[in-house]
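Dear colleague,

I am handing over the structure below, and after it I set out what was found in it. Please keep it open while you read.

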Amino acid sequence: MTEVPAAPGGGFRKVSEREIHAGRVVRLTESAFTTPDGGTMTRDVVHHRGAVAVVAVDGDEIVLLRQYRTPVESELLEIPAGTRDVGGEDPASTARRELAEEAGLACDSLEELGTFFNSPGFCDELTHVFLATGLRPVPRAPDGAEEEWMTIERVSLDEAEAMIDRGGIRDAKSIVGVLLALRRLRQ
């Protein structure tokens with residue numbers, strides 16, 4: 001099957017944007033659009049700088065982080081990841097920085113596996129997913145209370161896939177990342 005690129009905008013066009021809130025991580029706007037039939041609509045849009053996610057594979061194991069997430073008031077098991085919050089930093093450099101900060105690891109090889117929009121119904125966040133191999137320890141540099149208290153866990157590749165099937169991994173970037181990495185590693 002040949003992939004057909006989507007038409008840019010498909011007949012929709014943004015005509016205005018009003019900032020409602022500007023925070024440390026996101027900016028919220030009320031955006032107005034014209035529709036293909038000439039009508040108008042408004043939508044709340046969350047603007048985000050983008051993110052990276054890293055599937056760190058060491059032999060037959062994947063490195064996971066158990067981290068408290070305030071919006072869902074629960075700990076989640078996730079792959080290392082972070083916001084592209086350093087101006088001018090390319091996604092691969094952000095991935096290497098986040099891998100060191102969160103998991104205390106550097107890698108010899110970093111391969112981009114793909115990108116995805118996290119929740120395009122209301123947010124423009126784009127995540128770059130990487131596969132990191134050739135891991136070696138480096139000092140951690142936790143950023144914030146959640147990272148300070150998170151734990152680092154290692155599970156086999158097969159167990160990570162089974163955890164997704166059982167609902168043990170429920171974080172979208174981690175599901176996407178693990179499945180993309182498994183597909184790549186099984187080629």
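Helix α1 is followed by Gly104, whose phi is positive, near 65°; helices (H or I, at least four residues) and strands (E, at least two) are here DSSP runs, numbered from the N terminus.

Before going further, please note that this is a predicted model, in which local features need pLDDT of at least 70 and side-chain atom pairs count only at pLDDT 80 or more, while totals for chains, interfaces and linings use all residues. Residues are numbered from 1 along each chain as its sequence is written, and side-chain values use heavy atoms, with hydrogens and water left out.

To stay with α1, its 13 residues (91-103) should span 18 Å at 1.5 Å a residue, and the 17 Å between its end C-alpha atoms agrees with this; the expected span is 1.5 Å times one less than the number of residues. At the start of the helix, a side-chain oxygen of Asp90 comes to within 3.1 Å of the backbone nitrogen of Ala92. Ten of the 13 residues of α1 are buried, so the helix is largely enclosed by the rest of the structure, and among them are Pro91, Thr94, Arg97 and Leu99. Buried means under 20% relative accessible area, exposed over 50%, and partly exposed in between (1.4 Å probe, protein chains only).

As for the whole protein, there are four helices and ten strands, and from the N terminus on they run β-β-β-β-β-β-β-α-β-β-α-β-α-α. The C-alpha trace spans about 55 × 45 × 35 Å along its principal axes, and of the 187 residues 39% count as buried.

Two residues illustrate the contrast between buried and exposed positions. Glu78, in strand β6, is buried, with a relative accessible area of 2%, and its side chain is joined to that of Lys173 by a polar contact of 2.8 Å. A polar contact is a pair of N or O atoms within 3.5 Å; within protein, one must be able to donate a hydrogen and the other to accept it, and residues adjacent in sequence count only if both atoms are side-chain atoms. Leaving aside residues up to four places away in sequence, Glu78 also touches residues including Leu64, Arg69 and Asp171, where contact means heavy atoms within 4.5 Å. Gly59, by comparison, lies in the loop between β4 and β5 and is exposed, with a relative accessible area of 66%; Gly59 and Leu157 are 98 residues apart in sequence, yet 9.1 Å apart in space, C-alpha to C-alpha.

Finally, there are the pockets. On a 1 Å grid over the protein atoms alone, a cavity is a set of points where a 1.4 Å probe fits but cannot get out, whereas a pocket is an open set with protein on both sides within 12 Å along at least five of seven lines, and lining residues have an atom within 4 Å of a point. About 1200 Å³ of space lies in the largest pocket, a volume being the space filled by probe spheres set on the points, which are joined across faces, edges and corners. Its lining has 37 residues, of which Val25, His48, Arg69, Thr83 and Glu125 lie nearest the centre. The second largest pocket has a volume of about 270 Å³, and the largest share of its lining, five residues, comes from β3.

With kind regards
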